[in-house]
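Visitor: Hi, can we walk through this one together? I'd like to start with pockets.

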Amino acid sequence: MADLTVAVSESAFQRLFVVLRDSIRWEAQDSTSFGPFTAGYHVKGHLEGGSVDFRSDNSVLIDELDVRWDQFQFTLGLDIPEICVGGGCINMPWPIPDICLPRWCVFSANPDVSISPDLAAFVAQELSVAGRPVVRYYDASVPPPLIDPCGLLRDMLVNASVIDPFPDHNQWHIHLNPDFIDLDLFDFADIVGNLIENALTAAVTALLPGGWVRNLILAIIGGIADFIRWLLDIPDEIDEWLSDLFNISFGLGDLLIQLVGEFFGACVPLLRVDDPLEVLAKEISTSVLLSGAPVELVPVTVPVRNLSVRVDDVEMVVQADVGG
Amino acid sequence: MPFTDHSDLFGAVHEDSINRLVRHIMRQRPSLFNYATPFFHNNLEMFCAKFEVDDKVLKAKNPLFTEQEPLPILGAPLPIGLNFCLQLSEAAIDFHPGNVFGLPPELGSLTAQRFALHLKGCMGMDCPTKEIINELLPHIERFLVSRQQLAAGETKEQVAGTFTHYTPPMAAVDNRDRERQRTIPLPTRQLICFCLELYAVGYFEWGTVPGSQQVWLKPRLDGLEIVDIEPRDMENAIECYLTTVLKLGILPRLIIPLEKMVLDISKEFQKMGLTLGRTVQLEPSAVPADVPNNPAVEDDQIKAFFKLTVTGGA
């Protein structure tokens with residue numbers, strides 16, 4: 001029996017996943033100019049759908065998480081130099097008034113030509129990822145290997161203040177090792193389904209202002225759109241099923257993403273636990289000696305042994321022992 | 001059976017880990033468990049209970065005990081005292097079923113959902129020899145006569161006084177300390193040591209507090225026993241006093257309201273820069289609606305059960 005046990009249910013993870021998914025939103029915009037050309041973007045998005053599944057093979061699956069764009073707008077502009085004709089006045093002898101020619105300019109605006117399409121309705125992604133927790137022991141006394149790709153990555157992340165540097169004492173490291181990553185850059189099924197649903201909904205709403213008949217028809221439209229989504233998603237489901245079965249991503253893009261994910265997963269721990277673990281911090285005490293002279297008391301530490309993380313189909317369990 | 005079959009989050013700590021943790025603290029912070037006069041710095045072998053010390057404590061030259069003034073000799077006109085040491089030499093906890101230590105017969109066996117605590121304390125005190133007392137007595141008498149502090153009242157004869165003040169070494173850097181009068185310990189050759197063992201049995205219960213709207217987790221004392229103090233009535237009186245102190249003086253201060261055991265996960269995410277649209281909280285599972293006991297003291301562990309609640313928002 002382990003000394004310390006902490007377990008979190010799959011149900012708790014699922015509820016927290018839904019809250020997190022519904023809370024994550026992002027928005028970014030920027031523009032820049034290169035001489036006469038200007039370019040900009042304004043994107044805004046959120047997450048939808050998806051599910052979390054704990055599996056009996058010690059893995060966690062986040063399935064079909066949709067990335068939705070409320071705005072996916074790019075702006076390209078061209079500022080053509082202004083061309084003007086006319087203008088100027090001819091001085092006439094008195095009492096004849098001066099004759100001034102009208103001035104016509106073209107390309108006065110800035111930019112003169114601009115396109116700004118919003119592709120939100122045509123862009124949607126879907127992410128499925130399966131991974132498993134892996135526990136490794138970092139022994140600070142072991143020198144790094146001669147060729148250390150992980151070290152290079154870690155140094156970059158440390159320099160960018162993304163992660164803390166590795167310490168000079170031992171640690172337990174919990175990594176998340178991806179089994180497969182499936183990212184559909186264009187979620188064709190959802191794009192088509194959304195377009196059909198939006199078009200039909202708009203038409204029905206225009207024809208029938210309200211009432212139960214309209215609600216019934218809209219419900220049917222939703223069902224039809226869902227069916228179309230499901231139908232169009234079948235090839236992707238097969239792709240994900242095969243990826244899950246063989247624990248490898250199919251498709252060049254997914255394979256590259258998985259390789260990058262595995263590299264990060266292997267090199268960068270998600271969670272670190274010091275060994276030994278400090279339970280009482282070092283302390284400067286003035287009450288230990290009668291003279292009241294300050295004494296720096298050493299920290300109290302306990303060794304951590306047999307740290308493990310495992311997942312089954314109902315819960316994730318973290319266990320550890322306190323060393324003797 | 002899954003750990004979380006009746007809760008969302010489950011945590012358990014085994015009695016062995018708590019007892020090992022206590023031993024680690026005893027080895028690495030001995031000054032929390034050993035109290036003695038400075039005499040013991042050079043006479044560690046005279047402690048009543050031998051104790052292990054971690055190498056890093058020795059390397060850092062940390063004191064092995066907390067210094068105490070000598071035990072004053074009451075009534076003595078000079079600031080003299082006796083060397084002594086006081087040690088908490090053993091501390092252990094045993095969750096049901098009892099198997100770490102045996103309970104004294106007075107407490108019976110450890111019943112379900114109960115935990116037992118075992119403490120062993122030792123005290124050693126110097127007992128000055130006849131020779132030392134005979135050597136000191138003339139000085140005491142001379143001092144009392146010179147100061148006219150006799151029970152018989154003032155005397156006509158004037159006797160010159162004697163030096164009474166202890167001068168601490170220069171190493172004692174605190175000026176206030178130099179000015180303070182110190183108790184001078186009498187020379188010590190041997191200590192008289194004795195140890196007492198205390199056993200206590202306790203449990204947890206949820207209950208209300210008059211005037212409060214929430215439930216509280218309360219530690220309760222079932223029984224307490226100090227082993228083998230004579231005479232019997234003195235043992236009973238001390239145990240009764242300690243039990244009353246614990247039940248009315250200490251344990252009521254340790255009750256915890258439910259609100260203190262609720263972790264607001266939304267606020268934790270907010271600290272990380274993510275505002276959740278709903279309130280997510282982790283709170284203890286209700287007794288007996290969710291689980292029969294929380295915390296549960298069973299299988300040599302103390303177990304806690306929590307549920308995740310999501311409220312508000314869409």
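Visitor: What volume does the largest pocket have?
Guide: About 1,400 Å³, a volume being the space filled by probe spheres set on grid points joined across faces, edges and corners. A pocket here is an open set of points on a 1 Å grid over the protein atoms alone, where a 1.4 Å probe fits, with protein on both sides within 12 Å along at least five of seven lines; lining residues have an atom within 4 Å of a point.

Visitor: Which residues are closest to its centre?
Guide: Of the 40 lining residues, those are A:Phe13, A:Leu16, A:Phe54, A:Leu270 and A:Met316.

Visitor: Before I go on, what should I know about the model?
Guide: It's predicted: local features need pLDDT of at least 70, side-chain atom pairs need 80 or more, and totals for chains, interfaces and linings use all residues. Residues count from 1 along each chain, chains are lettered from A and ligands numbered from 1 as written, and side-chain values use heavy atoms, without hydrogens or water.

Visitor: OK, salt bridges. How many over all chains?
Guide: The count is 24, taking a side-chain nitrogen of Lys or Arg within 4 Å of a carboxyl oxygen of Asp or Glu.

Visitor: What does A:Arg15 pair with?
Guide: B:Asp8, with the closest N and O atoms 2.6 Å apart. A:Arg15 sits in helix α1 of chain A and B:Asp8 in the segment before β1 of chain B, so the pair joins two chains.

Visitor: Is B:Asp8 buried or exposed?
Guide: Buried, at 10% relative accessibility; the cut-off is under 20%, with exposed over 50% and partly exposed in between (1.4 Å probe, protein chains only). A:Arg15 is partly exposed at 28%.

Methods: Helices (H or I, at least four residues) and strands (E, at least two) are DSSP runs, numbered from the N terminus.
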